[in-house]
Structure formats: C-alpha cells, structure tokens
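The sequence and the structure come before the discussion.

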Amino acid sequence: MTLRKKPGTVRDSTEALVPEGNFWDIGNYKPVLKRISHGPKLCDELTRMMQERASLDKHFSKELSSFAEKWEDRLQSRLPEYGTLLDGWLAVTAEARQLADIHMTCKTRVEDVLKSRVETWKKEHYKKSILHLKSYKRASAAFDKAQAPWAKRKEKIDKHRNNALKYAQQAEQLRAHPDAGESSKIQDNIKKAISNEKQSREKLRLRVEELMSYKDIYRREMALEFERCQIEEKERINFFKETLIELHKLMDNSKAIYDAHAVCLSRVQQVDSEKDLAQFSREFGIDMPMIIADKDGTWYLEGSTPPSQGGQPYAPKTPSHATSNAASNATLSAEENTTQNGNSVSSQDAQAISGMPTGTKLVALYDYEGNHSDELSFAAQDIILLEANPQVEVGWLCGTHTGSGKMGIFPVETTDRQC
C-alpha cells in the first residue's frame, strides 16, 4: 500500500526548494533564489499545459468532423433511410459538426490569446543578465550584504564560545592529573586555563551583546529584500491565477454546447412516424395511383388523363433486387469506385463470372456495403469464394467471404476473378 502526501501543504509544495535549516542562518536564503530561478520554467510549463489542453480540443474537433462526414456519407448514399427520420439521423451529424467548430474555436482562442500573454509577462518580469536573472542577482547581492555583518559577529561568538569550552576542558584535565596537588607547574597551568576561560567568556558576553544590539538591523535588512521577493512572487501567483481563470472562461463552452444539443433534440423530436409512413405509402404503397385500363385497354395511372384523351400511358419501371434507394446506392458505389480505381467489369465479363464453377476465387474491386441481411459487405481486395445458388437474380452472385466466413449475395460488377 502506497501512502500519498496531502496536496497543498507547504512541505509538499516546496520540498524541492527548501533545504533543512532556518532562513536566518547564514546562506539559508537560497530557497528564495531558487524560487526566482524557477519562475521562467513555471511560465513555460503553464504554456505547455494550456497548449496540451488546446490540442485535446483540436483532436476532439477532428474526431467529431470525421464522425459527421462518415455518417452523412452513409446516410446520403448507402443507408435506405427516408423522411423525417432521415432528418433525425442528420441532426446528430449536424450537432457533431457544430461541436467540432466550438472545440476548434476554443483551441484557437487558447493558443492565440493565452500563449502570447504568458510569454509577454515572462519577458517583462524575468529579465536576464549574463549568468542569472536580474531579480535573482539583485536578491542574492542584497541578502549577502545584509548577512555579512551578522556573519562576522556570529563567527566571533562561535570563536569565543569554543575557546571558553576549550580552556574549561584544559582546567578539568589538569585537575585530574595525578601530580596536580604536588606540582606547582600544573597548578599554574590550571590557573592560566581558568583565567583564559574567564576572558573568553567575557569576550563572548560582549560579542553576544553586540550581536543582539545589531539584531533589529539584521532582521530589517533581510526582511526588506525578502518582502521584495514576496511581492514579486505575489505578482506571479496572481498572474497565474488570472491566466487560469481566463483559461476556464475560454474553455467554458457550456452555453454553446447546450444550444447545439438543444437544436439536435428539437430536430429529433420532429421525427413523425405518421408523416414518414404516409410518405412511404405515397411513393411505394397503397396511396400510389392505381394502374387502370383505358377503354381501348391502354394502361394509365388513375387520376391522370386517359391515353385515349391525349394522356400518357403507364410505363412500368424495371424491377430491381432492392428498393430504388438501395439500387441507386449500388450503382453510385460502382460508378464512384470505377472512377477512383479505374476498375470495371463489362457485361460480357459479368456473364463469364456468373458462369464460373463453385469455389472460384473472386477479388473485390472496391468497398461494398450490403443493404440487406442476405447481402455481403466487403472491402476492396477482399477474397470471396463463388457459391452455386440458382435462386439468385440476374446481375447478382452468391459467395462466401474468406475473412468473415459469411455467405451472402452481392452485385456481379463489384468483383472480378482473381488472377
């Protein structure tokens, strides 16, 4: 089990900056300098994060556009949908296109506005000198100057304290000597060590008093530069906060997205089954005009002028395997792929393929999407094994797709014999 630190704590957020120690000790202002030097890098990281966020909108926009283009093509040329329900399908693709525009606009705003804003602020607030940033160099010099007198006094205090301890230890060692009570030389050395200790402690006392009298000056000079650095850091924090708020505003597409969803829902709610069924009945069903005979036996559509009175006789359309929409899809696919790929099958070739034995390998000339459950769907260059099926209509073949193993029918012009 891994324990995670709580985010937002001082220790967690500055661990890479703060060494062990106290700010007031000599040289322990280094984290302040490091924070200054990290400023430009944090500006770059903020820009990088915003660019990456913008790239997500760009990617999503492309995916939405691709989705819309794919399904609009299928609906308009391949799927046998009709009426108000077709408009319901297209409402979804229209919404996708609208959302794609919204996200692409968002991406452009973030890159055009915020990137230049951060770069301009960075140049204005982190000006460079030869080796360091000017603000870094200024702060370092100010802290060094403020600490120099304090460091000298601290060094003298440490020196006199160490001397006092050293002389006290000498006296103790001499008193512990076996001949301490009899040797006058040892007694003189003990007295000398005690005298030196007293002198060192007196000097220590004076240096401590001197240090404490300078304490307020040291505190004021160090605090002066520290507060200046704090003010500069406050500017950076507030600028980053304002930039992130602006990022949120630019990324907030909630109203535009809501409007796009609302338009889509409105169009879908307008799907009318009664209207679609009535349309189908008029075009393909019982509401089509009946075919009746004129007095001379000529067929014509009920409600129109009889041929005997100058009207047009009824001319039946050639029946096809599927609905007119599906038939036109197959023709359109064949024409498009013939134009694109330069591959076509003549009527003589089609007859020859139809007469080939079961098991003949056929290669698909282009992508084909079946319109019914009994039709095969395949991609260009797929291999299909010809199957015998006497019930297949003229112009169609029956075969097994070698990739999926599915057996179905398909237009003869979509394949050719594999070389």
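## Sheet and aromatic pairs

Leu362 has Ile384 in β4 as its bridge partner. This pairing belongs to a predicted model, in which strand β3 (residues 361-364) is joined to β4 by three bridges, the two strands running antiparallel.

These strands are part of an open sheet of five strands, arranged in the order β6-β5-β4-β3-β7 with antiparallel pairing. The edges are taken by β6 (407-411) and β7 (415-417), each of which has a single partner strand, so one side of each is left without a neighbour in the sheet. From one strand to the next, the twist averages 45 degrees.

Strand β4 (residues 383-387) has a covered face, made of Ile384 and Leu386, and an uncovered face, made of Ile383, Leu385 and Glu387. In general terms, the side chains of a regular strand alternate between the two faces of the sheet. Ile384, from the covered face, is the residue that partners Leu362, while Leu386, also from the covered face, stands opposite Gly399 in β5. Strand β5 (residues 396-401) in turn pairs with β6 in the antiparallel sense, and Trp396 stands opposite Pro411 in β6. The bridge counts for these strand pairs are listed below.

| Strand pair | Sense | Bridges |
|---|---|---|
| β3 and β4 | antiparallel | three |
| β4 and β5 | antiparallel | four |
| β5 and β6 | antiparallel | five |

Turning to the aromatic side chains, a search of the whole structure finds 14 aromatic pairs. One of them is formed by Tyr29 and Phe143, which are stacked at 4.9 Å centre to centre with 25 degrees between the planes. Tyr29 lies in the loop between α1 (10-14) and α2 (30-77), whereas Phe143 lies in helix α4 (residues 134-175), so the pair ties together parts that are 114 residues apart in sequence. Both Tyr29 and Phe143 are buried.

What is the arrangement of the rings of Trp121 and Tyr126? Their centres are 5.8 Å apart and their planes stand at 70 degrees, so this pair is edge-to-face, the limit for that class being over 60 degrees. Trp121 is buried, and Tyr126 is buried as well.

Tyr29 and Phe143 also belong to a cluster, linked by ring pairs, that includes Phe23, Trp24, Trp150, Tyr218 and Phe226. Trp24, a member of this cluster, has the charged end of Arg219 over its ring, 5.7 Å from the ring centre. A further arrangement of this kind is found where the charged end of Arg236 sits over the ring of Phe240, 4.8 Å from its centre.

For the chain as a whole, the model contains nine helices and seven strands, and buried residues make up 30% of the 419 residues. Among the contacts with a separation of 6 or more, 64% are accounted for by residues 24 or more positions apart.

The confidence of the prediction should be kept in view when these details are read. The mean pLDDT of the chain is 86, and 86% of its residues reach 70 or more. Over residues 1-5, however, pLDDT stays under 50, and the model has two contacts beyond four places in sequence for this stretch. Over residues 8-12 pLDDT likewise stays under 50, with five contacts beyond four places in sequence.

Technical notes: Residues numbered from 1 in each chain as written. Predicted model: local features only at pLDDT ≥ 70, side-chain atom pairs only at ≥ 80, totals over all residues. Heavy atoms only, no water. Phe/Tyr/Trp six-rings, centres within 6.5 Å; stacked < 30°, edge-to-face > 60°. Buried < 20%, exposed > 50% of the residue type's maximum accessible area, 1.4 Å probe, protein only. Lys NZ or Arg CZ within 6 Å of the ring centre and 35° of its normal. pLDDT = per-residue confidence, 0-100. Contact = heavy atoms within 4.5 Å. Pairing = 2+ DSSP bridges. Axes fitted to C-alpha atoms, helices over the stretch in contact; angles between N-to-C directions.
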